[in-house]
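Let's walk through this structure together, one question at a time. Please have the sequence and the 3D view open beside you.

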Amino acid sequence: MSSPFLSSMPADSRLRSCSRNADFHDSWSVHPADPGITTFAALQAVFMRSPRWIANAMALRNKVVSKLGLKDLGGFDKLNPEKPLSAYRIGDRLGIFTLLSVSDEEIVMGDDDKHLQVQVSVYRDWQQNLVTVSTVVHVKNWFGHLYMLPVKPAHRRIVPATLRVLTR
């Protein structure tokens with residue numbers, strides 16, 4: 001079993017082209033313990049079994065930013081574990097994000113607010129037995145730049161911590 005590691009965005013990820021002019025982007029990969037885990041099952045595990053401190057951090061984030069006029073996104077665990085991927089349609093909510101595209105290899109989600117546009121990909125590389133989570137952020141204004149100051153270092157802790165659930 002391996003720990004999550006900083007990686008390159010998969011070459012055929014739908015996010016690759018929009019990452020070129022992004023204000024922030026990164027990709028983290030992990031070799032899952034279950035070599036048969038699907039892209040959607042990996043996403044469900046990451047959202048539903050994330051460490052408690054991440055849920056607490058999201059709750060604090062929502063409390064603070066709602067006072068500043070930004071969206072309360074809820075938590076990652078706002079995903080119905082009984083609902084199959086086939087029941088979701090483009091535009092439906094998946095946890096804190098909106099579903100943008102889906103294939104066997106990749107699920108792309110995002111959120112668009114007045115300060116940021118965020119897109120997240122969960123990509124399944126079957127040949128290398130990798131799950132990669134890529135994030136692309138386009139900042140829209142000065143507040144978005146200010147918002148990203150604490151988010152960047154937090155993001156670099158959150159994504160690997162969530163991916164660790166796939167190694168058990």
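Q: Is Asp-112 buried, partly exposed or exposed, going by its relative accessibility?
A: A quick word first: this is a predicted model, where local features need pLDDT of at least 70, side-chain atom pairs count only at pLDDT 80 or more, and totals for chains, interfaces and linings use all residues. Residues are numbered from 1 along each chain as its sequence is written, and side-chain values use heavy atoms, with hydrogens and water left out. Buried means under 20% relative accessible area, exposed over 50%, and partly exposed in between (1.4 Å probe, protein chains only). Asp-112 has 41% relative accessibility, so Asp-112 counts as partly exposed.

Q: Which residue meets Asp-112 in a salt bridge?
A: A salt bridge here is a side-chain nitrogen of Lys or Arg within 4 Å of a carboxyl oxygen of Asp or Glu. Asp-112 has such a contact at 2.3 Å, N to O, and the partner is Lys-140.

Q: Which residue forms a salt bridge with Arg-93?
A: A search of the whole structure finds two salt bridges. In the one formed by Arg-93, the closest N and O atoms are 3.6 Å apart, and the partner is Asp-111.

Q: Is Asp-111 buried or exposed?
A: Arg-93, at 37% relative accessibility, counts as partly exposed. Asp-111 has a relative accessible area of 12%, so Asp-111 is buried.

Q: What is the phi of Asn-129?
A: Most residues other than glycine have a negative phi. Asn-129 lies in the loop between β6 and β7. Although Asn-129 is not a glycine, its phi is positive, at about 50°.

Q: Where does Val-64 lie?
A: Val-64 has 44% relative accessibility, so Val-64 counts as partly exposed. As for its place in the chain, Val-64 lies in helix α3.

Q: How far apart in space are Pro-81 and Asn-21, C-alpha to C-alpha?
A: Pro-81 is found in the loop between α3 and β3, and counts as partly exposed at 48% relative accessibility. In sequence, Pro-81 and Asn-21 are 60 residues apart; in space, C-alpha to C-alpha, the distance is 35 Å.

Key: Helix = DSSP H or I, 4+ residues; strand = E, 2+ residues; numbered from the N terminus.
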